[in-house]
Amino acid sequence: MRVPAQQIRRQLVSVFRAWGMSEAHADTTADMMVETDLRGVDSHGIGMLPTYDQEFRNGRLNMRPTFKKVRETPAMALIDADASLGHPPAAYGMNLAVDKCLAVGVGVVAVFNSHHFGAAGCYARIAADRGVIGMVTSATRGVTMVPTFGAEPVMGTNPLAFAAPAKRNAPFELDMATTTVAAGKVRVYKLNHKPLPSGWVVDGDGKTVTDSAKGFQHVSDRDGGITPL
């Protein structure tokens, strides 16, 4: 079934507003989630809504956050996101970094006390659209990556993204996990009942798992995990 992107966006805004999110933050979050799906990254877009709903119901998300600059210089800033869902502070942080870059040549902004922000590439693209090079990286809460030839997860997927403007062509963009695949992609394969490509996920004995349901369970239970890039 095909659903117009704007219809999905309106529905997302309605949900976030019902949770108590401000209109501006609801618009930003919905825009980023829909853009992510339109880019083909269905593991980090609107499919994350059930996870955000669970976080909201468990009281982990502050829907009326106040972003605070804990430290700031002309070229850097450290932002306390006040337990916000990640999209609004990430967009705010990147735009602040671009402002600083345009003023002094470089801008570095770090955000903490935040939550999942979707696809990192959306925020790197903000910089490219404003005419500068952007880079985004993030820690992860989940421990899902097993070392090479290992079976016990010891690190997160730790995504990174890079975008640079171009004169005649569309901006160059890279958005990737530091594992073979993002954990969310394993979830998408499970939801679609598709087998996993060999080498993505291993079990607690270090053996490849291609059954997507079992693979997702191994990743969730930390009984095995995702292989490194």
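Strand β4 is joined to β5, residues 160-164, by 4 bridges, and the two strands run antiparallel. The model is a predicted one. Within this pairing, Thr-137 stands opposite Leu-160 of β5. Helix α5, formed by residues 121-129, packs on the sheet. The helix touches β4, β5 and β6, and its direction makes about 25 degrees with that of β5.

The sheet as a whole is open and consists of 3 strands. Their order is β4-β5-β6, with antiparallel pairing. In general, strands of a sheet pair through backbone hydrogen bonds, in either a parallel or an antiparallel manner. The edges are taken by β4 (134-137) and β6 (172-176). Each has a single partner strand, so one side of each is left without a neighbour in the sheet. On average, neighbouring strands are turned by 5 degrees against each other, direction ignored.

Attention now turns to backbone angles. Asn-113 is found in strand β3, which spans residues 108-114. Its phi is near 60 degrees, a positive value in a residue other than glycine. Asn-113 has a relative accessible area of 36% and is therefore partly exposed, as this class lies between the cut-offs of 20% and 50%.

His-193 also is not a glycine, and its phi is positive, at about 55 degrees. This residue is placed in the loop between α6 (183-191) and β7 (201-203). The relative accessibility of His-193 is 71%, so the residue counts as exposed; the cut-off for that class is over 50%.

Key:
Residues are numbered from 1 along each chain as its sequence is written. This is a predicted model: local features need pLDDT of at least 70, side-chain atom pairs count only at pLDDT 80 or more; totals for chains, interfaces and linings use all residues. Side-chain values use heavy atoms; hydrogens and water are left out. Two strands pair if DSSP finds at least two bridges between them. Axes are lines fitted to C-alpha atoms, for helices over the stretch in contact, and angles run from 0 to 180 degrees between N-to-C directions. Contact means heavy atoms within 4.5 Å. Buried means under 20% relative accessible area, exposed over 50%, partly exposed in between (1.4 Å probe, protein chains only).
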